[in-house]
Structures are given as C-alpha cells and as structure tokens.
Amino acid sequence: LVNGIEYERINEWYEMTQFEAEIESWEDYLVPSRRPDGTDGASLYDQVPWQSEIEKAFAEALERRDDVKLYVKLPGWFKVDTPIGPYNPDWAIVMEDRDEHGTPSGKPLLYLVRETKGATDEAQRRGAENMKIACARRHFAHLGVDYADVVQAEDLHG
C-alpha cells in the first residue's frame, strides 16, 4: 500500500500565520525541578517536560519525595523494540530503599522504569498500549530493572 504512494507538487501554500495558534509554548508544559524547601530538585534538568496532566502531577510528586534521588522523563528517542513496534516508557527513576518507618534501609539504590497512565486496569486502555506494556515488562525483567505502569508517584513501590 505505502510503496504505491506518489506525491505531486501543486501550487498551494500554507501561510505561516495559520500555524501561530497551533504552536504551543513549551514553557506551559514544564515542571520546575525544585524541592519544596527550594533546593535543587531530583531531575537531571532544571525543568521537566510533561505531555499529560497525569505526567505533570507525577513529576510534581516526585519532587516532593525525599526518597527519589534522581529521575528523568525519558526522551522520545529512548525506545524499546517490541514485536508490535517501538515503545517509549515515560520515566527512569533512582530511589533510596526505605523501611516501613521511612528510614533508609542501607540497601542499594532502586532503579525503576515507570509508565504513567490514567489507569492500570488494562480494560481501560487501548489493546496496542497493553501489548507494548506487556513487552516492556518482559524486557526490563530480563535486564533486572523494576518496571511497572502507575497512575501516581505514591504507586512507585508496587
């Protein structure tokens, strides 16, 4: 189907001004990486991009957690090959393990990869999304990296 497509140049143009309303300001889609006490945040960068309100709330919550030592919103080029196409998980996180009282356990740091979704119930998501997440679970398990899909930062340990 795709191999038979041919494009032909025509004398129609789009004026640049038509796109002005469509161009989003990245400033509106960044969460500052600052701890509540005003110190530098845990992100690799000063600002963290978000693509949904769930991601925004997740990044803000990561900044409030003192057990989160480092996190990054994974860039679009970070892909995991799956049988149904490339998959780009949302977050890489390094956390300090804590006991039930919130005291550091002294164990090695936890390395996590998390996907933020509006629901962890597979019935509430698209089929292809569920298949890619299932592939990612196996991929990261093989690497010994803790992977899960979550709704909020409170779900990090699961």
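Analyst: Start with exposure: buried means under 20% relative accessible area, exposed over 50%, and partly exposed in between, with a 1.4 Å probe and protein chains only. This is a predicted model: local features need pLDDT of at least 70, side-chain atom pairs count only at pLDDT 80 or more, and totals for chains, interfaces and linings use all residues. Residues are numbered from 1 along each chain as its sequence is written, and side-chain values use heavy atoms, leaving out hydrogens and water.

User: Why is arginine 98 called partly exposed?

Analyst: Its relative accessible area is 22%. That value lies between the 20% and 50% limits, so arginine 98 is partly exposed.

User: What makes the contact of aspartate 66 and arginine 98 a salt bridge?

Analyst: A salt bridge needs a side-chain nitrogen of Lys or Arg within 4 Å of a carboxyl oxygen of Asp or Glu. Here the N to O distance is 3.3 Å. That is within 4 Å, so the pair qualifies. The two residues sit in distant parts of the chain, 32 residues apart. Aspartate 66 is in the loop between helix 1 (53-64) and strand 3 (68-73), and arginine 98 is in the loop between strand 6 (91-95) and strand 7 (110-116). Helices here are DSSP runs of H or I with at least four residues, strands are runs of E with at least two, and both are numbered from the N terminus. Aspartate 66 has 52% relative accessibility, over the 50% limit, so it counts as exposed. A network of salt bridges links Asp66, Lys69, Glu96 and Arg98.

User: How many salt bridges are there in the whole structure?

Analyst: The search finds 12. Side chains of opposite charge can pair when their charged atoms come close. One of the bridges joins arginine 34 and aspartate 40, at 2.7 Å from N to O.

User: Which of the labels, exposed or partly exposed, goes to arginine 34, and which to aspartate 40?

Analyst: Arginine 34 has 41% relative accessibility, so it is partly exposed. Aspartate 40 has 61%, so it is exposed.

User: Is aspartate 149 buried or exposed, and what is its salt-bridge partner?

Analyst: Aspartate 149 has a relative accessible area of 10%, under 20%, so it is buried. Its partner is arginine 137, at 2.7 Å from N to O. Aspartate 149 lies in strand 8 (residues 146-150) and arginine 137 in helix 2 (residues 127-143), 12 residues apart. Arginine 137, at 32%, is partly exposed.

User: What makes a set of residues a nonpolar core, and which residues touch the most other members of the largest one?

Analyst: A nonpolar core is a set of buried Ala, Val, Leu, Ile, Met, Phe, Trp, Tyr and Cys residues joined through side-chain atoms within 4.5 Å. The largest has 17 residues, and Phe58, Leu62, Val68, Tyr71, Trp91, Ile93 and Leu156 touch the most other members. Helix 1, strand 3 and strand 6 each give two or more residues. Helix 1 has the largest share, four residues.

User: Which residues does isoleucine 93 contact?

Analyst: Contact means heavy atoms within 4.5 Å. Leaving aside neighbours within four places in sequence, the partners of isoleucine 93 include Phe58, Leu62, Val68, Leu110 and Leu156.

User: What lines the largest pocket, and how are those residues classed?

Analyst: On a 1 Å grid over the protein atoms alone, a pocket is an open set of points where a 1.4 Å probe fits, with protein on both sides within 12 Å along at least five of seven lines; lining residues have an atom within 4 Å of a point. The lining includes Lys79, Pro86, Tyr87, Glu115 and Lys132. Helix 2 gives the most, four residues. The lining divides into four nonpolar, one polar and six charged residues. Ala, Val, Leu, Ile, Met, Phe, Trp, Tyr, Cys and Pro count as nonpolar, Asp, Glu, Lys and Arg as charged, and the others, Gly among them, as polar.

User: Where is proline 86, and which residues does it contact?

Analyst: Proline 86 is in strand 5. Beyond neighbours within four places in sequence, proline 86 contacts Lys79, Val80 and Lys132. The C-alpha atoms of proline 86 and lysine 132 are separated by 8.1 Å, with the residues 46 apart along the chain. At 47% relative accessibility, proline 86 is partly exposed.

User: How many helices and strands are there in the protein chain?

Analyst: There are two helices and eight strands. From the N terminus, they run β-β-α-β-β-β-β-β-α-β. Of the 158 residues, 31% count as buried.
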